[in-house]
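Hello,

Here is the structure we talked about. Please open it alongside these notes.

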Amino acid sequence: MSNAGKFSVPDIVRRRALGEGQAGAHWLATLGDTLASLERDWDITIGAALPGGTAAFVAEAVDPTGQVFIVKLPTPASDEGRHEAAVLTAAAGKGYVALVQHDAVRRALLLERLGPTLEELALPLRDQIDIMCATLLKAWIRMPGGAPYVTGVDKANSLGMSMQSMNQDLGQPCAQRVLDMALMYCRDRAAAWHPENDVLAHGDPHPANILAVPEHEGHFKFIDPDGLAIEPAYDLGVVLRAWHDGIAGRHAHDIARSHAHHLSTRTQVPAEAIWQWGYIERVSTGLHLMQLGETDKGREFLSVADTLTI
């Protein structure tokens with residue numbers, strides 16, 4: 001008997017899966033049976049899908065004792081090249097959501113339930129920044145063996161190529177001097193890569209990817225790691241990319257530099273490396289947002305990057 005009608009899939013996740021071709025369509029068609037089999041094998045009852053996810057079926061699940069967890073099944077393409085389960089296993093709950101169960105064949109994760117996201121708490125931006133820095137310091141660990149993680153050289157080179165490609169496809173909305181600066185920084189970060197400086201990095205730390213720990217006030221954990229073998233400055237560059245506050249007028253560059261210095265002070269990571277990754281991420285994110293149709297938001301990132309180009 002099919003379980004296709006038992007679990008409702010959010011429209012945005014359904015569209016994402018169908019856009020992934022045959023693999024995504026198969027994932028969607030068999031999702032009900034997959035979830036039913038997980039209920040049997042993990043002795044849980046899975047509830048309705050939670051809102052907010054775009055690339056995975058995410059829902060609460062309850063075990064016979066009443067304890068509540070989160071079950072997550074990413075769509076095939078969204079899971080490609082990521083090392084979420086490996087990162088969570090290595091972290092063992094430190095700085096990251098705890099992984100309770102993992103089934104590699106069904107690409108399913110059972111996770112501890114956390115509280116609201118940092119984004120939902122609507123704290124002042126600097127407080128959010130400091131919380132992310134403190135949590136990253138817990139989350140960064142030395143590289144474990146096993147998975148073939150993307151390195152700092154890989155990341156710098158791929159970002160350089162993708163920025164050029166996106167800019168061309170979009171009709172060159174990025175000023176040439178901005179693109180040139182971003183590409184120069186990509187070369188700098190690739191040249192600066194040394195494996196002994198690597199940590200197991202999150203790859204995309206932002207306020208929607210960090211949640212409060214309900215039983216410990218003031219404590220937070222990251223979710224949805226990509227998993228990179230890269231210098232800590234990369235994660236901080238991702239934090240820096242959207243810190244636009246106050247970056248205007250004749251002192252815009254100094255203000256932006258002070259943001260990088262603040263991140264450096266909080267983590268003891270070199271400010272120049274944070275600055276370079278932050279600039280690269282601003283340009284890359286701006287182009288990516290435009291590619292997704294969020295033109296105004298994307299132009300804001302590119303405009304800030306232009307202001308910072310000297």
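Which residues line the largest cavity? Bear in mind that this is a predicted model. The lining consists of Gly 152, Arg 189, Ala 192, Trp 193, His 194, Asn 197, Asp 198, Ile 230, Glu 231 and Trp 277. By class, that lining has four nonpolar, three polar and three charged residues. The largest cavity holds about 50 Å³ of space. A search of the whole structure for cavities of 30 Å³ or more returns one.

Next, helix H4. H4 runs over residues 84-91. Its buried residues are Glu 84, Ala 85, Val 87, Leu 88 and Ala 91. Looking down the axis of H4, these fall within an arc of 160°, so they line one face of the helix. The general rule is that an α-helix has 3.6 residues a turn, so residues three or four places apart point the same way. Strands S3 (68-74), S4 (99-103), S5 (108-112) and S7 (199-201) are among the elements that cover the buried residues of H4. Ala 92 follows H4 and has a positive phi, near 55°.

Then helix H6, residues 125-139. H6 has 15 residues. From first C-alpha to last, H6 reaches 21 Å, close to the 21 Å expected at 1.5 Å a residue. Buried in H6 are Gln 128, Ile 129, Asp 130, Ile 131, Met 132, Cys 133, Thr 135, Leu 136 and Ala 139. These pack against helices H5 (118-121), H9 (232-241) and H10 (252-267). They also pack against strands S7, S8 (210-212) and S9 (220-222).

Best wishes

How values were computed:
Residues numbered from 1 in each chain as written. Predicted model: local features only at pLDDT ≥ 70, side-chain atom pairs only at ≥ 80, totals over all residues. Heavy atoms only, no water. Buried < 20%, exposed > 50% of the residue type's maximum accessible area, 1.4 Å probe, protein only. Helix = DSSP H or I, 4+ residues; strand = E, 2+ residues; numbered from the N terminus. Arc of directions from axis to C-beta. Contact = heavy atoms within 4.5 Å. 1 Å grid on protein atoms, 1.4 Å probe; cavity = no way out; pocket = protein on both sides within 12 Å on 5 of 7 lines; lining within 4 Å. Points joined across faces, edges and corners; volume = space filled by probe spheres on them. Nonpolar A, V, L, I, M, F, W, Y, C, P; charged D, E, K, R; others polar. Expected span 1.5 Å × (residues − 1).
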